[in-house]
Amino acid sequence: MTEKAVIKPFFFLDENQQVEYYNNWAQKYEEDSAKVGYNAPENTLEFCLKWLKSSDSDRILDVGCGTGHMGNLLLQHGYNNLDGHDGSEKMLEIAKQKRVYQNLYYEILVPGKHSNIPSESYDGLVTVGTILPGHLNSDHVSEMLRFLKKDGRLIIGMRKQWLTFPGDEYKWNYDLESEFKKLEQEGKWKLLEKKFKNEHSSGVEGVYLVYEKL
Ligand SMILES: C[S@@+](CC[C@H](N)C(=O)[O-])C[C@H]1O[C@@H](n2cnc3c(N)ncnc32)[C@H](O)[C@@H]1O
């Protein structure tokens, strides 16, 4: 199966259709991800180890945690105060079986809508494979920042191609590069690290961004 065949359909769905898509995909998600060499959580781990503390008192939220791939890796590396969040009930059911998250939030993040996650309650936030067409974008950032304490860190792992407008094919009208910079100029966050890495999935370049909430 090519990567395009796996991921292409969900680019054009709205939020509700998209979580339904994941509900239907959940049982096969990990198998399909492995087939396309999905390696984004492994790539993101480097930045978590560098920028997030693993002390028991430091709370970390995995936004769009899916079946818990990232959480599982973090737990193996000593992070045991993890919570997960996702809009797909079926993906969360699989994450729950892994017993890596203390609390799981089941809700769709919608720009401008206050979610149930309390304000300023996390020291770190990680979100991997979630910023792409039909999923999260720069409009969701202010809500994610709300969950973080001041000086808390937000780590994003995503495909490089979504940083800028990739063309009509994907109907992705976000220029994240400039929008993320604008948030910096507005004093919302500060960039601590930005790095490109190969093999986000097979043959796909990823970008890994670390921000600090101001
Ligand atoms: C490609 S999967 C990545 C899952 C996991 N982070 C990983 O790396 O394996 C994207 C996940 O984001 C979730 N998601 C996308 N948009 C969402 C939204 N607006 N609110 C909540 N969850 C969302 C989906 O349900 C799905 O589980």
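How far apart do the end C-alpha atoms of residues 60-152 lie, and how much of the span is helix and strand? The structure is a predicted model, in which local features need pLDDT of at least 70 and side-chain atom pairs count only at pLDDT 80 or more, while totals for chains, interfaces and linings use all residues. Residues are numbered from 1 along each chain as its sequence is written. The end C-alpha atoms of residues 60-152 lie 10 Å apart, and the span is 27% helix and 27% strand. Helices (H or I, at least four residues) and strands (E, at least two) are DSSP runs, numbered from the N terminus. UniProt, in an unreviewed entry, places the feature "domain: Methyltransferase" at residues 60-152; such annotations may be inferred rather than shown by experiment, and the positions follow the numbering used here, with feature names shortened.

Seven strands form an open sheet with mixed pairing, in the order β3-β2-β1-β4-β5-β7-β6. Two strands pair if DSSP finds at least two bridges between them. The edge strands, β3 (103-106) and β6 (189-201), each pair on one side only. From one strand to the next, the twist averages 15°. Strands β4 (residues 122-128) and β5 (residues 148-159) run parallel and are joined by six bridges, and Tyr 122 stands opposite Leu 148 in β5.

Helices lie across several of these strands. Helix α4 lies across β1 (60-63), β2 (82-86) and β4, and runs at about 175° to β2. Helix α5 (residues 89-98) lies across β2 and β3, at about 175° to β3. Angles run from 0 to 180 degrees between N-to-C directions, and axes are lines fitted to C-alpha atoms, for helices over the stretch in contact.

Helices α2 and α5 pack at an angle of about 30°, with their axes 7 Å apart. Because angles under 35 degrees count as roughly parallel, α2 is roughly parallel to α5. The contact (C-beta atoms, placed from the backbone, within 7 Å) involves Tyr 22, Asn 23, Ala 26 and Tyr 29 of α2, together with Glu 89, Lys 90, Met 91 and Ile 94 of α5.

Around the ligand are 22 residues, of which Gly 64, Gly 66, Gly 87, Ser 88 and Gly 129 come nearest; a residue is near a molecule if its C-beta atom, placed from the backbone, lies within 6 Å of it. The elements giving two or more residues to this shell are α2 (15-35), α3 (40-51) and α4 (69-76). Helix α2 gives the most, with four residues.

Technical notes:
Two residues are in contact if their C-beta atoms, placed from the backbone, lie within 7 Å. Angles under 35 degrees count as roughly parallel, over 145 as roughly antiparallel, 65 to 115 as roughly perpendicular and the rest as oblique.
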